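Subject: Structure handover and findings

Hello,

Please find the structure below, for your use.

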Amino acid sequence: MGTVDRPTPPVASTPAQGMDNTSVSTYRARLRPGEDVVNPATWAGRIPHTGGIAPRLRAGRDRWFNVLWLLPIGFFALITAIAVAKGAHNVPAIQDFMARYPGTRIPDGIDPSPGIPAWVDWQHFFNLFLMIFILRSGIQIFVDHPRLYFSRDCTPGTEWLRVQHRVPSDPLWTAKEDSVGLPRHVGLPGIRHSIGLARWWHLGADVLWVINGAIFYILLFTTGQWRHLVPTSWDVFPNAVTVLIRYLSLDWPTGNGWVAYNSLQLLAYFLTVFVAAPLAILTGLGMSPALSTRFTWISKPLNIQLVRSLHFLVMLWFLLFIAIHVTFVVTTGALRNLNHMFAGRDDESWIGFAVFTVAMAVVVVGWVAATPFTFRHPRTVQRVGYALIGPLQRLFEYADPKPGAYTDKDISPYLWHNGTYPDSDEYKRMSETGFIDYRLRICGQVANPVELSLEQLRALPYHRQTTQHFCIQGWSGVATWGGVSMQTILDLVEPLPKAEWVIFYSLAEGSDGGTYYDAHAIEQMTHHLTMLAYDMNGAPLTFGHGAPLRLRNELQHGFKHVKWVAAIEFVTHFSEVGGGHGGYNEDHEYYGYRQSL
Ligand SMILES: Nc1nc2c(c(=O)[nH]1)N[C@H]1C(S)=C(S)[C@@H](COP(=O)(O)O)O[C@H]1N2
Ligand SMILES: [Mo]
């Protein structure tokens, strides 16, 4: 079974009963706008705080290793390494080796006193300042789905790392229930399931960080400063071994970073600036549903879970780097080091220290203020975040991926559930009678408003696609969806020219009460992979996955795929609907109305 492309709909033959446009007001009346401040006590449907568990690494089919054991093991390994290095230090052959490769190499052609210019100091500061928000919000995003996998299937039990208990056996366990929170000044903003706000911090700061990094690259290579950071000879490796032996044998080299870093330092800086940073950007982009769905030649082998795991490992590298870097700055001539990086001078005065103190005051204020500011001004965070990353997300939406990238053999054995299940009497009654009373209402700015029963929907041309779902929380999975292409619906109802957004109302409420809904740009309704699904993996859609009808728009994250669809309204702009931010999560949890990254 392959994938059926969009068929041409026989519009005239479809039995569609005319519909009164006023019935839409009943849907709008059931919406509840979100709040403009975050109250942690009532946040995300009063989700209680839970802090997760110490990280567990999977060591077998169902054997888990508590990462805290690495502390004593690491300490023991360090002591052993010091003992070995101290012994090795006295071996003549090793002494010869260390004399031949003394640890630092002044690169050929370098001006012996180039120093470190002021722009390096400024960029170093901006970098470290932005890194704080990037790391804090990044960890927050991770713990919204506190498991890491290599396979895009995300089957419970196959994760290689988790900071949460095993997935409970409840078949309707949701990813939201699975999320954990963080202490307020560790995570940004800390509280459980605050991924919407965390992502603005993360992606917004990322944009500034990438700009700072791009300027840094340009200046490095136009000024010759790159010689400070790029090894120019293979002997950097033996030299780095010498430095390592000297560090471990507690006979620390006294370098002069003003002229040239020692080889181990050089390698660490090179890896951080030229490997880790680009890898962080690429693996970040690799998690975009729009890019992944469009460029399957790369997103199939390098699937979202693989790049998400890599993204996490890059973060660990940054944390490790920061810890070691700061330790050495402080323990190897702190005043001189601070003068280099904060005052652009090479002496042992207290000037660098003074500038550093001011810089750290700024850092501490930023660190301490970020979470309270976010609680008080979440709409500002949402707006500024969108202003920074929105244009890129908009760009990704020009992709119109074709079906056919996945086939039945790619279907995930498990697809996570998410969201707030419908529990109204109206829904229960309909579901008990096999949805014979169900009517999809389509109205608003259209020439032909209609009401369609499930039978009428099933009589429309069948569209099937096998696609990958990307939940904003981080999990993914492949499923086959069968139903009606949105293009068929458009042909049927004929949107008016002023219809620019399409609102999907659910039969279910959102977690804070009020109807769940979401808005989509009309251009994406004509895309190949935008559809209303009533089948999943060859069977009628189940309760948990959205029976009787759900939306698929594969450019966007899962929260925009409204389940249990009740009605569709074509509008000029979503600002007239609900809280006006483009959907339930946009109103209540400060998500973005475009979320293709
Ligand atoms: N009505 C409604 N639709 C919803 C949600 C919800 O809470 N209510 N959650 C969304 C989220 S966050 C995701 S990831 C997907 C999950 O779809 P699944 O449970 O079928 O995997 O549904 C989306 N549709
Ligand atoms: Mo989601």
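How many residues of domain 1 are in contact with residues of domain 2? In this predicted model, 35 residues of domain 1 touch 38 residues of domain 2. The two domains divide the protein chain as follows: domain 1 takes 2-37 + 400-588, and domain 2 takes 56-167 + 174-396. Taken over C-alpha atoms, their centres are 41 Å apart.

Interface between the domains

The size of an interface is often given as the accessible area lost when the parts come together. For domain 1 and domain 2 the buried area is about 3000 Å², with 55% of it on carbon and sulfur atoms. Of the area that domain 1 buries against domain 2, 24% is supplied by Trp416, Phe470 and Gln473, more than by any other three residues.

The polar side of the interface comes next. Between domain 1 and domain 2 there are 21 residue pairs in polar contact, both residues being at pLDDT 80 or more. On the side of domain 1 that touches domain 2, β8 (463-470), β9 (476-485) and α19 (584-588) each supply at least two residues. By class, that side of domain 1 has 14 nonpolar, 14 polar and seven charged residues.

Salt bridges

Side chains of opposite charge can pair when their charged atoms come close. The rule finds three salt bridges across the interface of domain 1 and domain 2, and the count for the model comes to 21. One of the salt bridges in the model pairs arginine 379 with aspartate 36, with 2.8 Å between the closest N and O atoms.

Another salt bridge joins the side chains of arginine 147 and glutamate 159, at 2.7 Å from N to O. Arginine 147 belongs to strand β4 (residues 147-148) and glutamate 159 to the loop between β4 and β5 (161-162), so this pair ties together parts that are twelve residues apart in sequence.

Ligand 1

Which residues are closest to ligand 1? They are Trp416, His545, Arg550, His561 and Lys563, out of 20 residues that surround ligand 1.

- Tryptophan 416: a backbone N or O atom lies 2.7 Å from an oxygen atom of ligand 1.
- Histidine 545: a polar side-chain atom lies 2.6 Å from an oxygen atom of ligand 1.
- Arginine 550: a polar side-chain atom lies 2.6 Å from an oxygen atom of ligand 1.

Backbone geometry

Most residues other than glycine have a negative phi, and most peptide bonds are trans. Some places to check against that background are listed here.

The peptide bond from leucine 188 to proline 189 is cis, with omega near 5°. Proline 189 sits in the loop between α6 (175-178) and α7 (195-223). Alanine 547 and proline 548 are also joined by a cis peptide bond, with omega about 5°, and proline 548 is in the loop between β13 (539-540) and β14 (550-553). Arginine 46 has a positive phi, near 55°, and its place is in helix α2 (residues 43-46).

Regards

How values were computed
Residues are numbered from 1 along each chain as its sequence is written. Chains are lettered from A and ligands numbered from 1 in the order in which they are written. This is a predicted model: local features need pLDDT of at least 70, side-chain atom pairs count only at pLDDT 80 or more; totals for chains, interfaces and linings use all residues. Side-chain values use heavy atoms; hydrogens and water are left out. Domain bounds come from an automatic or database domain assignment. Contact means heavy atoms within 4.5 Å. Buried area is the accessible area (1.4 Å probe) that two parts lose on being put together, summed over both. A salt bridge is a side-chain nitrogen of Lys or Arg within 4 Å of a carboxyl oxygen of Asp or Glu. A polar contact is a pair of N or O atoms within 3.5 Å; within protein, one must be able to donate a hydrogen and the other to accept it, and residues adjacent in sequence count only if both atoms are side-chain atoms. Helices (H or I, at least four residues) and strands (E, at least two) are DSSP runs, numbered from the N terminus. Ala, Val, Leu, Ile, Met, Phe, Trp, Tyr, Cys and Pro count as nonpolar, Asp, Glu, Lys and Arg as charged, and the others, Gly among them, as polar. A residue is near a molecule or strand if one of its heavy atoms lies within 4 Å of it.
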